Every structure is written in structure tokens, then in C-alpha cells.
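These are my notebook entries on one protein structure.

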Amino acid sequence: MMKKILVFVCMLLSIYRTSAQSQNTTYSGTIKGYSASIGFKNAQLLVDNVVTGLHDMYLIDIKPDGTFYANFPLVHKQGCWITFPFFNSVVYFEPGKKLVQDFDVTDVRKVSSVFKGDAKMALINNDINKVRPILMDYNWNAIYSDIYQLTPEQFKAYFLKIRNHKLALIDSVAKASNINIHTYELARRSVQYNIAAVLIQYNSLRENAYRIRNKLPFDSKKPVLSPVKLNTAYYYFLKEIKYNDVAAMEVYDYYQFMNWLMFIEPIYDKAGRIDYTNEINLLKTKDTSNKDVKATIAYYENMAWRNPTAPGALEKARPAVLKSLLNTNISLEFELMDLQVVSQRMDDEKDTLSDAEFARVKARIKNKFLLADVAALNNKIKQNIRDSKTSKGYTYNQIQANAPADSFFVKMMDKYKGKAVFIDFWATWCAPCMISLKEIAPLKEDLAQNKDIVFLYITNTSSPEKSYKTVMPGIKGEHYRVTQDQYNLLAKQFQVTGIPHYALVNKRGNIVDRDFKWNQTDQIKKQLLALANE
């Protein structure tokens with residue numbers, strides 16, 4: 001009898017593994033009115049994974065005739081973010097299926113699109129087009145102007161009014177246009193998750209509004225306004241959300257909602273923030289003109305503004321706080337949060353789970369279909385580790401840790417005299433950095449034969465050495481992993497307040513743009529070719 005049970009369990013696991021694997025999904029179409037002279041040759045497709053908390057960016061290649069194509073792996077039905085210069089919005093996909101979107105941009109004031117391909121996906125997305133203006137209509141300039149002085153209750157009332165108005169408009173369109181029930185649910189949930197995520201951000205959005213209103217810069221992370229402690233009653237809106245429902249994972253805004261729910265302020269309150277006041281006050285009694293003392297004070301102040309907690313404190317506090325606030329079954333959400341913590345550690349360390357670790361994760365997860373995403377991430381990291389051992393096209397440069405801080409950059413650049421240099425400040429744990437690295441990769445291939453152009457990558461010891469050795473070989477270019485002191489000097493020299501951060505250096509070794517901004521890789525190409533031809 002026991003043998004029969006084991007055979008049955010093995011069959012179920014086999015079925016699960018087969019059904020849960022990611023499947024190649026196709027997104028293609030045409031752009032009527034497109035010309036290569038418009039200035040862009042690719043677009044982006046972003047897949048946010050609510051199971052791992054990570055996201056992958058895929059390039060959409062646009063041909064001179066306006067046709068485009070992308071093929072990407074997908075595990076679950078979900079909305080993905082598509083970015084063209086004329087279209088920034090969510091498109092709904094299902095694993096293993098083909099979706100076609102035909103654009104008409106002959107009149108840039110009236111860009112339109114029609115979906116074809118898989119009948120179900122086409123129907124859902126064409127119906128989404130009917131409510132898309134409602135979903136996308138957020139005038140943040142006006143909103144910031146309205147909210148900068150609002151109390152928490154006024155702020156909540158303001159956004160709940162927006163939510164209710166949008167829901168009423170969706171109901172009106174659904175009644176008039178007879179949109180399918182799947183689209184109707186996706187649209188309503190999109191609004192509900194989006195507004196809930198906004199309401200969680202009361203203090204940060206109030207801070208942003210205040211800075212914009214008073215024309216204050218955003219380069220300092222130190223809050224200008226004192227955070228307001230929000231009472232339990234403020235969070236009542238969270239009880240209006242439907243939880244423990246797998247269908248929520250199809251909604252693009254559910255990913256953002258989960259990100260904010262995981263780190264809601266009451267969780268930090270219960271976890272306890274690390275207080276650096278004593279350390280800062282002690283340092284201020286010393287010679288604050290000393291650069292080391294100043295740097296240490298700045299370090300502790302920066303840490304304090306980031307709401308630091310003891311390792312594991314957030315994970316311990318999260319269940320108790322959310323159960324108390326929501327008073328309902330959120331077992332799916334708890335499992336997603338659990339797997340996001342596991343996946344984030346894997347991604348930060350660029351290391352896989354051992355068989356024993358994976359077994360422990362599997363044992364505590366009831367929604368077994370979620371494990372496919374973690375298994376896929378595990379396999380992806382394994383492949384990256386294998387690839388790193390055979391990758392070519394990169395150079396790892398070492399600088400002595402005791403190299404004089406005021407001269408090491410000059411010596412670094414001596415190697416590249418006579419070349420135009422694109423500098424990228426990045427880190428292995430920085431998700432936007434990794435997305436940009438992937439986006440720039442085709443440009444490097446395009447410029448590979450130009451020996452007068454160099455791509456130079458700088459990180460510090462916040463990129464763990466093991467992770468760095470795994471990721472770095474897959475990034476073609478010149479690489480430096482510098483000490484914190486050396487990085488601090490570079491950060492001051494290049495005005496680095498966050499990453500990714502980019503800069504341009506000419507053939508004479510002079511910095512020509514210490515904070516280079518770009519949206520399309522063609523902008524990088526244009527600047528580098530101009531510098532290389534000087």
C-alpha cells in the first residue's frame with residue numbers, strides 16, 4: 001500500500017513539474033507610420049514576478065519596416081509592462097501563447113492599436129484598450145500640488161475618491177461596451193491595488209510633494225518632513241482588498257501592492273529600527289573637519305534614514321502585524337512574501353539553494369505551483385555560474401586597497417587615454433542596474449569593432465565578492481571593484497547619489513559629463529561616437 005502511495009505522489013510531482021515550467025511566449029506586431037529616422041530601434045518588455053519579487057527586462061527588436069518581435073519565458077498568466085516611445089502600458093499575456101499588437105502612429109496625437117493572435121488574449125487586451133485611458137489617467141503634477149499639506153485622513157479621502165471615480169467609470173464602460181468579465185475584473189483590481197499601494201506611501205508621497213512644491217532637490221535621502229505615525233484606523237482600506245486569491249497574480253499592480261504591503265510602516269515599528277543616535281552624537285564630539293569622521297557620520301545618518309532593522313526582524317514581525325491589521329486569511333500573500341525573501345537573497349548573493357534548503361522551502365509552502373518560479377530562478381543562477389567560467393570579452397582590473405585616494409582615478413584613466421569611455425556605476429544587488437546592463441548589451445556588440453570606445457564598470461564592496469565573480473564575466477567591458485574609501489571619492493567626483501549612475505570621459509581623460517542621462521541606447525551611441533571622433 002505504501003509503495004502505491006509513493007508512486008502516486010511521484011506521478012503528481014511529475015505532473016506538477018511539467019505543468020509549472022515556464023513557456024516561451026511571443027509578442028510581435030507592426031507599427032504603421034514607423035521610420036528608422038524617428039530615432040528608436042527597440043522597445044522594452046518588463047516581466048515583474050510577484051513570486052520572486054524580481055523582474056526581467058526583454059528587448060523588443062524593431063525592424064526598419066516597423067515590424068517588431070520578442071520571445072520571453074513566462075510561468076503564469078499576468079500583465080507585463082510594455083514601453084515604446086508612444087505606448088507605456090500593461091499588456092496581458094498567457095504562457096506559451098502568441099500575441100500580436102498592431103500600432104498606428106501616423107498621427108502621434110492619436111496613437112491606436114489592435115490586438116490579434118491568440119483569440120482569448122486578443123479579446124482581453126482589446127477590451128483593456130477600452131478602459132486603458134481610465135487606468136492610466138493620473139495627473140501627478142496636479143496630485144502633488146493637492147496633497148503636500150494633507151493630513152493622513154484627508155490624504156486617504158482624496159485617493160479613495162479617485163479610486164471610486166475610476167471604478168465607476170469602468171462600470172460605465174463595461175455596461176456600454178459589453179467588455180468581457182475577465183477584463184472587467186483585471187481593470188477593477190488594477191485600480192484597487194494601485195490606490196492601496198499609494199495610500200501605504202503617505203509619508204514618502206507627502207515628502208515628494210513638499211519637495212516639488214518648494215523646489216527642493218531630491219539628491220539627499222534625508223527626509224525634510226518628520227514622518228507622521230499612522231494609526232491602525234488609517235489602514236482600514238486594506239480590509240477592502242480581496243486576499244488569498246490566485247487570480248490576483250494576473251494583475252500587474254498586484255506586484256507593486258505586495259512590495260508595499262511587505263514593508264508597511266507598522267511592520268517596521270514592531271520589528272524595531274536600529275538607532276544610531278548615540279554613535280552619531282559621539283562622533284560629533286570629535287573633530288568633524290576630519291574627513292574620516294565626516295564620512296562616518298554621513299554613513300550612520302544614511303543608514304538611519306533607510307529604516308535599518310536587525311536581521312530577520314521584519315520577517316518575524318510581518319505575520320503578527322498583517323494578521324492584526326487585516327483580520328482575514330492571507331495565506332497566499334504570506335507565502336509570496338516568504339518566497340520573495342528567499343529569492344531576493346538568492347539574487348543578491350547570486351547563489352543557488354542547496355537541495356536541503358530547497359526541501360525546507362517546499363515543506364512550508366502549501367501553494368506548490370509557486371515553487372516553479374523559485375526553481376526557475378535557481379536554474380537560472382546555476383546557468384549563470386556555469387557561463388561565468390567560460391565568458392569572454394571582460395577584463396577585471398585590480399587596484400591596490402592602499403592606493404592614494406586622491407590619485408587612483410587618474411591612474412585608472414591613464415589606461416584608457418585616447419579612448420572615449422562610458423562609465424557605469426553599478427552593483428550586483430541593484431535591479432535597475434541589471435536591467436540597464438541588459439539593455440546596453442546589444443549596443444556594445446554594435447560598437448565592438450570600434451577600438452576607440454570603452455565601457456567601464458565600477459562597483460564597491462557592497463557587491464559581495466562571490467556574487468561579483470558570477471555576474472561580472474557576463475558583462476563585457478573593463479571592470480573595477482574598489483574599496484569603500486575609493487568609491488566615496490568617486491561618488492563625490494561624479495556626484496553619485498544613487499545607482500545606476502553614468503558618466504562620459506573623453507580621449508584626453510577629461511570628464512565631459514559626470515551625470516550622463518539617457519533613455520534610448522542610441523543616445524549613448526551618438527555621444528560615444530562623437531567623443532571617439534574628436
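**Entry on Thr428.** I looked up Thr428 and found a relative accessibility of 0%, so Thr428 counts as buried. I use "buried" for under 20% relative accessible area, "exposed" for over 50% and "partly exposed" for values in between, with a 1.4 Å probe and protein chains only. Thr428 sits in the loop between β10 (420-425) and α16 (431-446). Helices (H or I, at least four residues) and strands (E, at least two) are DSSP runs, numbered from the N terminus. I then listed the contacts of Thr428, leaving out residues up to four places away in sequence: Asp348, Lys350, Met434, Ser463, Pro464, Ser467, Tyr468 and Val471. A contact means heavy atoms within 4.5 Å.

**Entry on sources.** I note that this is a predicted model, in which local features need pLDDT of at least 70 and side-chain atom pairs count only at pLDDT 80 or more, while totals for chains, interfaces and linings use all residues. Residues are numbered from 1 along each chain as its sequence is written, and side-chain values use heavy atoms, with hydrogens and water left out.

**Entry on the disulfide.** How many disulfides does the structure hold? I found one, and it joins Cys430 to Cys433, with an S to S distance of 2.3 Å. The cut-off for a disulfide is a pair of cysteine sulfur atoms within 2.5 Å. I recorded a torsion of about 80 degrees about the S-S bond of Cys430 and Cys433, so the disulfide is right-handed. Cys430 is buried at a relative accessible area of 4%, and Cys433 is buried at 1%. I also looked up Cys80, which counts as buried at 0% relative accessibility.

**Entry on the domains.** I found the protein chain divided into domain 1 (19-117), domain 2 (130-262) and domain 3 (394-533). Domain bounds come from an automatic or database domain assignment. The C-alpha centres of domain 1 and domain 3 lie 30 Å apart. Their contact takes eleven residues from domain 1 and eight residues from domain 3. Between domain 1 and domain 3 I noted a buried area of about 820 Å², of which carbon and sulfur atoms give 50%. Buried area is the accessible area (1.4 Å probe) that two parts lose on being put together, summed over both. I found zero salt bridges between domain 1 and domain 3; a salt bridge is a side-chain nitrogen of Lys or Arg within 4 Å of a carboxyl oxygen of Asp or Glu.

**Entry on the nonpolar cores.** I looked up the largest nonpolar core and counted 105 residues, those with the most contacts inside it being Tyr27, Phe84, Phe93 and Tyr254. Helix α5 (residues 181-200) gives the most to this core, with nine residues. Domain 1 (19-117) and domain 2 (130-262) both give residues to this core, so it lies between them. Apart from it lies another core, of 25 residues, among them Phe516, Trp518, Ile524 and Ala532. A nonpolar core is a set of buried Ala, Val, Leu, Ile, Met, Phe, Trp, Tyr and Cys residues joined through side-chain atoms within 4.5 Å.

**Entry on helix α7.** I noted that helix α7 (residues 252-262) is mostly covered, with eight of its eleven residues buried. The buried residues of α7 include Tyr252, Asp253, Tyr254 and Phe257. For Tyr254, I listed contacts with Val50, Tyr193, Ala248, Met249, Leu332, Glu333 and Leu336, not counting residues up to four places away in sequence.

**Entry on salt bridges.** My search of the whole structure found 26 salt bridges. Lys415 forms one with Glu478, the closest N and O atoms being 3.0 Å apart. Lys415 lies in the loop between α15 (408-414) and β10, and Glu478 in strand β12 (residues 477-482), so the pair ties together parts that are 63 residues apart in sequence. Is Glu478 buried or exposed? At 14% relative accessibility, Glu478 counts as buried, whereas Lys415 is partly exposed at 44%.

I also recorded a salt bridge between the side chains of Arg109 and Asp107 (3.1 Å, N to O). Arg109 counts as exposed at 74% relative accessibility, and Asp107 is partly exposed at 23%. The side chains of Asp515 and Lys517 meet in a salt bridge as well (3.3 Å, N to O). Asp515 is partly exposed at 27%, and Lys517 is exposed at 60%. Last, I noted that salt bridges that share partners join Glu94, Lys97 and Lys120 into one network.
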